[in-house]
Amino acid sequence: LQSGPDVLLVEAGAATVVDPAAVSLSTPIALPAGAAVAMDAGTVAVTSPEGALWVSAFSALAGISLDPGAADATLGAGAVTVVTKGGAALAFDPTTGTVTRVEVVDGEKVVTTGPELEGAKGIVPEAVAAVGDTLVVLAAGRLHADGWVADLSSLGGVVLQQTGPSHEHVLLGSPSGLVRVSLDDGKVAEVPTGASGTPAAPVYL
């Protein structure tokens, strides 16, 4: 993983800070089995399959404790986390359908819970992304957000955009073009390209 000058080598069971200038590696940090790691804007988030979430500033990663009792948030099994371009960790809990936000502010963790995404309780997330500070979740051809659900099943296999900056729409790639969904009300608009193929994850720059 890389975000600006921050480089983190993530392997099965371990994460290692890389110094690209010196081409050197720090002491590996042991990760819980099956844990997922997300990073951006100087923030690292580690989520276990059981739903424990730990958040750390990249600069303080060497001192992180990944003991379940030291978790910054305890969510349900299958929770997934992204880190926004502003450095906040947004975690989706499929057992409740809610979003938990964890920020590092002046070295302290600030944890807030909510909102509950529309129709998202009990879903199996296939992809999650943050558009600015708004989290959206794709599951079974439906896109879930705060206040709406968009049914995209008729568009074939869509691919959710990568986490990106704030915008009024969330983007998805489809076999025939680009799909824009309004973050305000979930309205779907297709942008055909005249071509067909395997979609890739769109990116807002």
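The legends below describe close-up views of a predicted model. Residues are numbered from 1 along each chain as its sequence is written, and side-chain values use heavy atoms, with hydrogens and water left out. Because the model is predicted, local features need pLDDT of at least 70 and side-chain atom pairs count only at pLDDT 80 or more, whereas totals for chains, interfaces and linings use all residues.

View 1. The largest pocket holds about 410 Å³ of space. A pocket is an open set of points on a 1 Å grid over the protein atoms alone, with protein on both sides within 12 Å along at least five of seven lines, and lining residues have an atom within 4 Å of a point. Grid points are joined across faces, edges and corners, and a volume is the space filled by probe spheres set on the points. The lining comprises 21 residues, and A38, V82, V128, Q162 and T163 lie nearest the centre of the pocket. Two or more lining residues come from each of β1 (2–3), β6 (36–40), β10 (80–83) and β14 (127–131); strands (E, at least two residues) are DSSP runs, numbered from the N terminus. Twelve of the lining residues are nonpolar, six polar and three charged. In this division Ala, Val, Leu, Ile, Met, Phe, Trp, Tyr, Cys and Pro count as nonpolar, Asp, Glu, Lys and Arg as charged, and the others, Gly among them, as polar.

**View 2. The second largest pocket.** This pocket has a volume of about 160 Å³. It is lined by 13 residues, of which V55, S56, A60, I64 and K109 are the closest to its centre. Strand β8 (residues 52–57) gives the most to this lining, namely four residues. The lining divides into seven nonpolar, four polar and two charged residues.

View 3. Strand β6 runs antiparallel to β7 (residues 43–47), and five bridges join them; two strands pair if DSSP finds at least two bridges between them. A36 is positioned opposite T47 in β7. Two residues lie between the strands of this hairpin, where A41 takes a positive phi near 50°.

**View 4. The cavity.** One cavity of 30 Å³ or more is found in a search of the whole structure; a cavity is a set of grid points where a 1.4 Å probe fits but cannot get out. The largest cavity contains about 40 Å³ of space. Its lining consists of L8, A15, I29, L31, V37, V44, V46, L61 and L66. These lining residues divide into nine nonpolar, no polar and no charged.

**View 5. The largest nonpolar core around L143 and V181.** A nonpolar core is a set of buried Ala, Val, Leu, Ile, Met, Phe, Trp, Tyr and Cys residues joined through side-chain atoms within 4.5 Å. The largest has 17 residues, and those with the most contacts inside it are V136, L143, L152, L160, V170, L172 and V181. At least two residues of this core are supplied by each of β14, β15 (134–139), β16 (142–145), β17 (148–151), β19 (169–174) and β20 (177–182). Another core, of 15 residues, lies apart from it and includes L31, A35, M39 and F58. V181 is located in strand β20 and counts as buried because its relative accessibility is 0%. With neighbours within four places in sequence left aside, the contacts of V181 (heavy atoms within 4.5 Å) include L143, W148, V170 and L172.

**View 6. S48 in the loop between β7 and β8.** S48 occupies the loop between β7 and β8. The residue is buried, with a relative accessible area of 4%. Not counting residues up to four places away in sequence, S48 touches P32, A35 and W54.

View 7. Strands β11 (residues 89–93) and β12 (residues 98–105) run antiparallel and are joined by five bridges, with A89 opposite V102 in β12. Four residues lie between β11 and β12 in their hairpin, and G97 in the turn has a positive phi of about 80°. Strand β12 also pairs in the antiparallel sense with β13 (residues 108–116), over seven bridges, and R101 stands opposite T112 in β13. The hairpin of β12 and β13 has two residues between the strands, and D106 in the turn has a positive phi of about 50°.

Note on methods:
Buried < 20%, exposed > 50% of the residue type's maximum accessible area, 1.4 Å probe, protein only.
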